[in-house]
Amino acid sequence: MTTITAPVSHAFEADVAKLLHLMVHSVYSDKNVFLRELVSNAADACEKLRYEGIANPALLGEDPAPRITVTLDSDNSRLMIEDNGIGMNTADLADALGTIARSGTKSFMERIASAGGSEGTQLIGQFGVGFYSAFMVAEKVDVISRKAGEAEAAIWSSDGLGSYTIAPIDVQEAPARGTRVVLHLMEDAKEYAERYRIEQTIKSQSGHVPVPISLREKPDAEPVKIADGAALWTKSRSAVSEADYADFYRSVSGQFDDPALTLHYRAEGRHEYSVLAFVPSTKPFDLFDPDRSGRMKLYVNRVFITDEAELLPRYMRFVRGLVDSSDLPLNMSREMIQESPILATIKKGVTGKILSELEKRATADSDAYLKIWETFGAVLKEGLYEDYERRATLLNLARFKTTASEGGWRSLADYESSIKENQTAIFYATGNDLDRLATSPQLEGFRARGVEVLLLPDQVDSFWVTSGIDYKGKPFKSVTQGAADLGLIPLPEGSSAPTAEASEQVTSFLSFVKATLDDAVSDVRTSDRLTDSAVCLVASESGMDRELERLLAASGRAPEAAKPVLEINPRHELIIRLAGLGDADADFRADVARLLFDEAQIADGEQPVDPRGFAARLARVITRALP
């Protein structure tokens, strides 16, 4: 007999308490989310037991078939979700329901607090905190559980107001194995004890979980099966509707959007496996999580193994779904599976197939593909830097805003078709703001000759373009690095060629500027890339691209900053007039030289190195100009 002791009270971890407050006091457009989350947790518990039962069949006892039973008790305003899965003991209950061990909880809660309507419900399941959504409809939640293979049972209880209790419970009041979640429903949520509401919700949201679901209309009624637990991925594509795919996608992704792309196939040959994968239509909340782990589940002959296997490269971490292998042995540990050459083959095949499907979508429905690219392009571009083997495919998939795209997207094939005579490179500009990039002074000479420039505003762009990459033999070249070499590219018909040649006075002025700025720049030279602006900064031919240098400096990984090159437009009226001042007033000319450098820094999106000195110089120059 179990010795029953008094419940022990515990305070929730601070982050859980905040999360519960949000759940209880926030209003979401679809409270049905709680049922999907609890059914999903129950299914996971059954899947974990199936896996553990491979090595220890005794855990399954005389009840090997997994099941989920939902029981209604309208007389007492209760709803119960019970599974015969792995179960939890006292320590498990405290760990699983009293703390949140996942990184990023604070940012998650900040976003869910500010999210409105449907976005809030989309976020609930994404950080492994879906259980707490029960408090949107329940004034109290009891979790009664008995871990497989253990003799004792325990009960966890909370009203969601800051604390919970855990106590032993008589095994006669607990499931023989597994977990029973009892929701004591709020007054305005009593409809969740009615059959029509629960059955409809389960069929629409959880009808494709790989565990059978039964509904008991009253605590003493016979259960009626409402979902057969048939694995959706084992069916032929023709036997599955788009609505079925959408429901299953939501159950595995923790999102409420529709998939932008669904991939369902069975690979046969040397290795056999089934794939059901989805590209979301909205960004998962943890897309840029530092861990960057994938969200694909691995099954072996329908037995869930792990959701931590690297089934796809990290630049495809936005893909959701599963792979079910017929070749991997069930008795291998998760670590051994991860190192398996079979898994490596599967990873290669699935990655190639998804990229192939994206290529097909880009050709067959460019508008739909552009939506995918707008959502996940910044992540896919990581592959240009990381995945040499698939670089050509990824370059074909890439889309860019350019100086010729008028706000739209262009492929590299589009760019290639507009390459000018004698153009030997694909030109690009990197930064962190698309609008500023489009107005960079370094682009002026390229625009004058009709040379298209890629505008690259994502951080990863600064890395992949410098990895020795080329497209059909043409290298990528920054418009802010080295000489522009625009002289060989002809101007459009009817345009006159600007010259970089300087008058004697301007040449003398440039020498003075170079001497004055010797501590700040590596060179001062005339520019053939400027047409309207007076000055700009560029990196030397052998130096690091300026945006990459800024990124590395911000992360503390940059080498000693290289001095930039100051390019001056010898045709600009300001430069001509300054050069005409001659040698008079050396202090004033020094201020002007420094201000030209400050102007170039500001145009490049930087602050002057010495803001106080900049202000003082500007005041002196303005004072001199006043009558």
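Contact here means heavy atoms within 4.5 Å, and angles run from 0 to 180 degrees between N-to-C directions. The model is predicted. In it, helix α17 (residues 504-516) lies across β20 and β22, and α17 runs at about 160 degrees to β20. Helix α20 (residues 586-603) also packs on the sheet, where it touches β21 and β22, and its direction makes about 65 degrees with that of β21.

The sheet itself is open and has three strands in the order β20-β22-β21, with mixed pairing. Because β20 (523-526) and β21 (535-538) stand at the edges with a single partner strand each, one side of each has no neighbour in the sheet. From one strand to the next, the twist averages 25 degrees. Four bridges join β21 to β22 (residues 565-568) in the antiparallel sense, and L537 stands opposite L566 in β22.

A bend of about 55 degrees is found at E374. The buried residues of α10 include Y369, I372, W373 and F376. Among the elements that cover the buried residues of α10 are β10 (261-267), β11 (273-279) and α9 (341-364).

Finally, S462 is located in helix α16 (residues 461-464). S462 has a relative accessible area of 1% and therefore counts as buried, the limit being under 20%. Leaving aside residues up to four places away in sequence, S462 touches T430, E547, L548 and L551.

Key
Residues are numbered from 1 along each chain as its sequence is written. This is a predicted model: local features need pLDDT of at least 70, side-chain atom pairs count only at pLDDT 80 or more; totals for chains, interfaces and linings use all residues. Side-chain values use heavy atoms; hydrogens and water are left out. Helices (H or I, at least four residues) and strands (E, at least two) are DSSP runs, numbered from the N terminus. Buried means under 20% relative accessible area, exposed over 50%, partly exposed in between (1.4 Å probe, protein chains only). The bend at a residue is the angle between axes fitted to the seven residues ending there and the seven starting there. Two strands pair if DSSP finds at least two bridges between them.
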